[in-house]
Amino acid sequence: MSDDRLIVALDVPNVLDGLELAKTLGSTVNFYKIGLGMLTSGGLALANELKQEHGKRIFLDMKFFDIGATVEAAVRGVAQFDLDFLTVHGDPHVVRAARQGAAGSDMKILAVTILTSLDRDDLDASCIKAGQITDLVQERAGRALANGADGVIASPQEAALIRALPEAEGKLIVTPGVRPTGAALGDQKRVMTPAKAIANGADHIVVGRPIWQAADPRGAAMSIQAELA
């Protein structure tokens, strides 16, 4: 039986590979993330097929960022597909617009704080204000939640700090940057094992390459499920 706390990222080259991976994982995984990289090769169609025909839960990771009216329209368009989670950037005006766009649906709006692939040097290069990443993540998370986000995306290293915020009561924390013990880090810089991420306050963990690049993807997923249990 699958544990919905595990979300598998379908960051594979195309829709056919995504369907094949879902078939391989079968009942061991019930929740999938489809990101921007898949969008231009049929990602939304894949999301609908997995949701409507296979009964899977879907996290659409689009990280929308634009003027309010555009974000609201984009989110309203996505909301018609009855998906479960959608990401937007955590800027207050974006979150408020996304909340309006999702009105009347059950889709949860999750705010991105600071990408887990970034460190302080990356933020400096992007002219982001000075400060420790953990402090900036906590501040952005609090503002996003106060402006209507149903939850946040954050590194597992910041999950406990976010969970301690008054604004986080009853909200979701979803953590990418999760790597089983011994797995390659890839482009992630702020990582943690699945069990530690959950212990730190995460409601869901997102795992991609350690599963779909494994020689035995089903076995890799089952191993993570066993760790969570």
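**Note on salt bridges and helix packing in the predicted model**

1. Glu139 and Arg143 lie four residues apart in helix α7 (residues 133-146), a separation of about one helical turn. Their side chains meet in a salt bridge, with an N to O distance of 2.7 Å. Glu139 is partly exposed at 29% relative accessibility, and Arg143 is likewise partly exposed, at 48%. The structure discussed here is a predicted model, and the points below should be read accordingly.

2. Helix α7 itself has 14 residues and spans 20 Å from its first C-alpha to its last, close to the 20 Å expected at 1.5 Å a residue. Its buried residues are Ile133, Leu136, Val137, Ala141, Gly142, Ala144 and Leu145. The elements that cover these buried residues include α5 (92-101), β5 (108-112), α6, β6 (151-153) and α8. Just after α7, Gly148 adopts a positive phi of about 110°.

3. The closest N and O atoms of Arg120 and Asp124 are 2.9 Å apart. Arg120 has a relative accessible area of 21% and is partly exposed; Asp124, at 45%, also counts as partly exposed. Helix α6 is also one of the elements covering the buried residues of α7.

4. Which parts of the chain does the pair Arg163 and Asp203 link? The two side chains meet in a salt bridge at 2.7 Å, N to O. This pair links distant parts of the chain: Arg163 belongs to helix α8 (residues 159-163), while Asp203 sits in the loop between α9 (194-199) and β8 (204-207), 40 residues apart. Arg163 is partly exposed, with a relative accessible area of 29%, and Asp203 is partly exposed at 26%. Helix α8, which holds Arg163, is among the elements that cover the buried residues of α7.

5. Over the whole structure, a search finds 14 salt bridges. Besides the pairs described above, Asp4, Lys51, Arg57 and Asp84 are linked in a network of salt bridges. In general, side chains of opposite charge can pair when their charged atoms come close.

6. The crossing in which α1 passes α3 is right-handed. On the α1 side the contact is made by Val15, Gly18, Leu19 and Ala22, and on the α3 side by Gly43, Leu46, Glu49 and Leu50.

7. Where is Phe81 placed? Phe81 lies in the loop between α4 (68-79) and β4 (85-89). With a relative accessible area of 25%, Phe81 is partly exposed. Leaving aside residues up to four places away in sequence, Phe81 touches Leu44, Asn48 and Gln52. Phe81 and Thr24 are 57 residues apart in sequence, and their C-alpha atoms are 25 Å apart in space.

Definitions and conventions. Residues numbered from 1 in each chain as written. Predicted model: local features only at pLDDT ≥ 70, side-chain atom pairs only at ≥ 80, totals over all residues. Heavy atoms only, no water. Salt bridge = Lys/Arg side-chain N within 4 Å of Asp/Glu carboxyl O. Buried < 20%, exposed > 50% of the residue type's maximum accessible area, 1.4 Å probe, protein only. Helix = DSSP H or I, 4+ residues; strand = E, 2+ residues; numbered from the N terminus. Expected span 1.5 Å × (residues − 1). Contact = heavy atoms within 4.5 Å. Left-handed = near helix turned anticlockwise from the far one by under 90°.
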